[in-house]
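Please examine the sequence and the three-dimensional structure shown below.

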Amino acid sequence: MQVVQTIPALRAALAQARAAGRTIGFVPTMGCLHAGHLALLTRARQEATFNVVSIFVNPTQFGPNEDFSRYPRTFEADRTACESAGADLIFAPTPADFYPQGAATWVDVEGLSTGLCGEFRPGHFRGVATVVAMLFNAVQADVAVFGQKDLQQLAVIRRMVRDLHFPVRIIAHETIRESNGVAMSSRNRYLAAEDLQRATAIPAALAEARRLVAAGETEAARIRDAALACLTKEPALRPQYVAVVDQETMAPVTQVTPGRCALAIACHLGNTRLIDNTVL
Ligand code: AMP
């Protein structure tokens, strides 16, 4: 497995792989890798024969009062995990290497980026879309794998790829969970064991919404209220939003079309912001 920091080194390694007839798979991450990230890599390896993991804590997707500086950085453990999981290359640029000095170009996926997380993290999806566009241009992968855990991000990336004709196939991977049902996240590191237990109210709320839909409920407001009631049983959780949305447009719906809609949740637990969702 190779580790490269700069675009010229990345391009040289990829040119060699392509010349050897290999197809390129790509998993963009911010590092602090867990089994969710590694599942994306395993999926990429089913699709492509040379697989790249990027590790880059992207400054432009963090707001001024967010956790950019304290975001966990665990490069040595990430390198070992990538190697064991069969990655061929880690691309780990520094912000100064990756963003050209005076960079002034942004990718803004309008509409999709403004609700849900976009409402509470202004500029977040602009930072995400821009860095993913830069990474796509750098790696020129045949296929890229993203987690459904970041549902709105997935929708934003799919739309960007469609609108800007990026020649990459996007694959969504289901959310990998801790044994107690909480979605794995690099930010779970911020949580004490008792908080991780408190966070189980989130998957419980998602399960309740799925139960209602399976029982024939289609009224989004009732599904949302039932999920919110589940969440608020845990007083330590402070919900930011609970929304029933169309998975493609992220627009709120009033009626659930099974398979097309999702329930999305964001809440705070102490200083940690957690998100999760389920397809309904
Ligand atoms: P991050 O490092 O948090 O930016 O995430 C990098 C990629 O991993 C994104 O496509 C995420 O959606 C995905 N991911 C994060 N957590 C999980 C999880 N628990 N299960 C599956 N994919 C995940």
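A disulfide is a pair of cysteine sulfur atoms within 2.5 Å. In this predicted model, the count under that rule comes to zero disulfides. Two cysteines illustrate the reasoning. The cysteine sulfur closest to that of Cys32 belongs to Cys82, and because the two atoms are 12 Å apart, they are too far from each other for a bond. For Cys117, the closest cysteine sulfur is that of Cys267, at 11 Å, which is likewise too far for a bond. Both Cys32 and Cys117 are buried: the relative accessibility of Cys32 is 2%, and the relative accessible area of Cys117 is 6%.

Attention may now move to the ligand. It is surrounded by 16 residues, and the closest are His37, Gly147, Asp150, Ile176 and Met184.

A polar side-chain atom of His37 lies 2.9 Å from a ligand oxygen atom, and a polar backbone atom of Met30 is 2.9 Å from an oxygen atom of the ligand. At Met184, a backbone N or O atom lies 2.8 Å from a nitrogen atom of the ligand. On its own, the ligand has 490 Å² of accessible area, of which the protein covers 92%.

Which elements give two or more residues to the shell around the ligand? They are strand S2 (24-29), helix H2 (35-47) and strand S5 (143-147). The largest share, three residues, comes from H2.

Key
Residues numbered from 1 in each chain as written. Predicted model: local features only at pLDDT ≥ 70, side-chain atom pairs only at ≥ 80, totals over all residues. Heavy atoms only, no water. Buried < 20%, exposed > 50% of the residue type's maximum accessible area, 1.4 Å probe, protein only. Near = heavy atom within 4 Å. Polar contact = N/O pair within 3.5 Å; in protein donor to acceptor, adjacent residues only side chain to side chain. Areas by Shrake-Rupley, 256 points an atom, 1.4 Å probe, with all protein chains shown as cover. Helix = DSSP H or I, 4+ residues; strand = E, 2+ residues; numbered from the N terminus.
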